[in-house]
Every structure is written in C-alpha cells, then in structure tokens.
Amino acid sequence: MILCINPWVEDFSAYDLWAKPLGIIEIASWLRRGGFDVDIVDFLYQYYLSGQKEPAQTKSGRGKYRKVEISRPEPLKNVPIPRRFYRFGVSLEDAERLLARYPHPKLILMTSVMTYWYTGVQTTIAFLRKCYPDVPIILGGIYTQLCRNHAETVFRSCEIAPKETYPFLRERLARAIGASPELPLNRLEIPMDYTFYPGIPYIPLRFTRGCPFRCRYCAGPLLEPEYKESRLRTVKETFSRWYMDGIRDFVFYDDALLFSKETLLHPFLEWAADKGMKARFHTPNALHIANFDRKTLDLMMASGQWELRFGVESLFKEKRTLDNKSSRKDLERATSLLSEAGFDTDRVRIYLLAGLPNQPRVEAEEDIKIVRQAGLRPVPNEFSPIPGTPLFEEARKVSPFDLTEPLLQNKSIVPCRWEGMTWQDMQELKELSRM
Ligand code: SF4
C-alpha cells in the first residue's frame, strides 16, 4: 500500500477556493493505473467522514475549512498583527480514523504547497511518525521545489523528491516495492482519478501546464518552465465522465486558459453547448484579461454559468515592472464587452496586488477605485514574496523581516510593509474594495 498525503495547513487564515492538490492526485492516478495499491488521505478534505458537509461549504465546493487555534510558530511570535493562528483541516481524531481505514503502508508520499505552510507539514509528519515510525516518507510539492535547502534542513527524517519527480519515484518504488510503473510520456495525458475523493462536489479541469508569460512575482515559471497543451479529447473525456455522474461544477486550474483559446477552450465550449451539457465553470487561477474577447464571452454564456476571475494585479505597470500581461485598456475593453453582452458582473472579480515592494497605499487605493468605477469588484491580494522569483530580491531589500525564513513570506503579515503601506492600510484597502 502507498499512501499519498495532503498535509494540514497552519496559517492565520485559509479558505478553500476549490483547492485540490493536483500534483499528488496526478501521481496517485499514475500509480493506480499502473496497478499499484494506492490511496490519498487529504487532511484538508471535508467530506470524508460519514459524508457530512460543513455548514459553511457552498454547494459548488468552496468554503471554510474546519480549524483549531494553535500557538504561533517562533518566527511569527512577535509579528505585530492582531490575528490568531490556526491549524486548518480535519481534527486529530478524524485523521486517526481516516488512517485506520488503510493497511500499513510501505511508502508515504507527501505533498506541500505554500512555502509558509511548512509547519503544517511538520505537524502532519510528526503525526504520521507516531502511527508509522518505520515507513519511509518522501516529501515533494511546491514548498520543496522553491525552498529545497530549507526542506532538507527541516525535514531530515524524509527524502526530499527532486524536481524530476517521476523518474525518481520509479526508481524509489522499485526499491521499496519491487516494481514500478512506466514513465508517463505526457503528464497531461494521465487520466486524473477523482474517485480518490469520495463525494467530491466539483471536478478540476486542465488544458495546459505552465504559462507562456513571465511575471516577475510568480512562481509558475520556476515550477513549470515549459508551457504544454493537452489534447482536447482528454478534457472532453474527463468532463463528460463526471457530467454524466451528476457533477455540474468544473474548475479550470490552467495558468493561461485563454492563451490557447482557439485550439482548446473554444472548441470545448462549442462541443459542450452542442451536446446540451450546461455547467457552472470557475476560474480561481484567474484569466488573462488581454486575451478575453467577444467570441470567448459568447461561448461561455452559451455553455452555462461562469465565475470570472481576471488577474490584472496593477494598473500602474508603467511605474513598476511587474508583468506585460495586461493594461488599463484591456480592463476597459473587457468591461464594455461584459456590459454589452449583459453578463452578470456580480460574478466577475478583478484580482489586484497590494503590498508590493515600495508600493504606496495611494497607488493600491487608486487601482481599487478604477476597478470599482468600471462597475467590477476588485479583490486586493497581499503580495507574498516567493523565493527564486525576480521580485524576491527587491522584496528582501525593503522588507523589515528576514524573508529567507519561509514563515515570514506569509502574505497575511504584509511582508513588504513600510510606513507608506502598513498592515492597517491593507485592512482598510480590503474594506474599500467591499464597499
Ligand atoms: S500570467 Fe499568471 S501564471 Fe503566468 S507567469 Fe504571470 S502570474 Fe504566473
């Protein structure tokens, strides 16, 4: 038996915006397809136990996690923000009951996500060590890729998976179990097995891996340097299999969904509309507003209901070199398109970045006002400095914190705060965006 684990999250806040750990699901799907006895225990998943839903869970699957208050880890103890710290996910008792469902594993594969969530990984590993003191644990995921040295120091009792995870796992499985599956030729073609998640209320879809853009604040190019497209047929098969099963909420996990719209998204939506398979589509990873056009909007409206999220980030890009993916003109053009088509703008959000290195409050405030004047809802997100990105070194120069400590990369503390943008300013900007 191989157990794949998605660990607890420890943070000031966390909200489940259709977050599923696609990397570990992909590995588990690959292993199961190769004939291995494998399962996923997701410590964040709400539906495991007697199928009960959380009261705060919406029917489309996003919502609050269960949480329990814990003390702050040492590096965060003296950070002056009036916020409590929590462990998010299933309770300790429920985690024990979950593990009791499985035979003793031969190998544990664990993923990780945000760099500043590594204490949740530590807690999960300590918990697993009590149940399985001698089982090897292989730790991979985003945190280990971005902070490999840190992970090797903190998680000495685990093996840290290299970037080329699949060849490594193959060799490691052969050693632990005496067999290993064939390497996938194209990871986008691994049929994702969502039956690992009993009662899952929505299904992730993905046409592409990676992103052709190179925004200076984003970890995407470090994690997936190459942009690759899937075959249309693969996504159609996933969609229709789950649609026939009664699922109506589908979540696009692409980083650049509209980049390949002519060859992938448009034909997919034409096909779904043609078959009369209307659904609700969500885009939490945000769309490129510059690639949004009338044809895309018409096809979206014909295929069901869409929650549109656009990653605009800043309307003052000429002042700060952030990215070249959109401009103020793109925002204006998209606004006209949405209003001419009669699209319900309550279902549109514009993501903005606030708390960038040296960004004054007035600039973030102006971004919010411009979006609001356009009749759309701005969502200011605190900037989180990600190691290895071009903006990280700029962030280190201006931050009052030692950003080499991953816990201090947490966006909730406003890592690049200064007198022109304090933690309090950030709260007021969020209030402004909701008014
Ligand atoms: S477009 Fe999005 S995913 Fe691509 S590099 Fe920029 S922020 Fe990252």
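**Cavities**

I counted the cavities of 30 Å³ or more and found 2. A cavity here is a set of points, on a 1 Å grid over the protein atoms alone, where a 1.4 Å probe fits but cannot get out, and lining residues have an atom within 4 Å of a point. Grid points are joined across faces, edges and corners, and a volume is the space filled by probe spheres set on the points. I note that the model is predicted, that local features need pLDDT of at least 70 and side-chain atom pairs pLDDT 80 or more, while totals for chains, interfaces and linings use all residues. Residues are numbered from 1 along each chain as its sequence is written, and side-chain values use heavy atoms, without hydrogens and water.

For the largest cavity I recorded a volume of about 180 Å³. It is lined by 15 residues, and Leu188, Ile190, Met192, Arg206 and Thr238 are the closest to its centre. Helix H8 supplies the largest share of this lining, 3 residues; helices (H or I, at least four residues) and strands (E, at least two) are DSSP runs numbered from the N terminus. By class, I noted 9 nonpolar, 3 polar and 3 charged residues in the lining of the largest cavity. Ala, Val, Leu, Ile, Met, Phe, Trp, Tyr, Cys and Pro count as nonpolar, Asp, Glu, Lys and Arg as charged, and the others, Gly among them, as polar.

**Second largest pocket**

I then looked up the second largest pocket, which holds about 280 Å³ of space. A pocket is an open set with protein on both sides within 12 Å along at least five of seven lines. Its lining has 15 residues, with Ile190, Pro191, Met192, Glu237 and Thr238 nearest the centre. H8 gives the most to this lining, 6 residues.

**Ligand shell**

Around the ligand I listed Cys211, Phe213, Cys215, Tyr217, Cys218, Asp255, His288 and Lys325, each with a heavy atom within 4 Å of it. The shell has 5 nonpolar, 1 polar and 2 charged residues.

**Helices H12 and H14**

The axes of H12 (residues 361-373) and H14 (residues 423-434) come within 10 Å and cross at roughly 10°. Axes are lines fitted to C-alpha atoms over the stretch in contact, with angles from 0 to 180 degrees between N-to-C directions.
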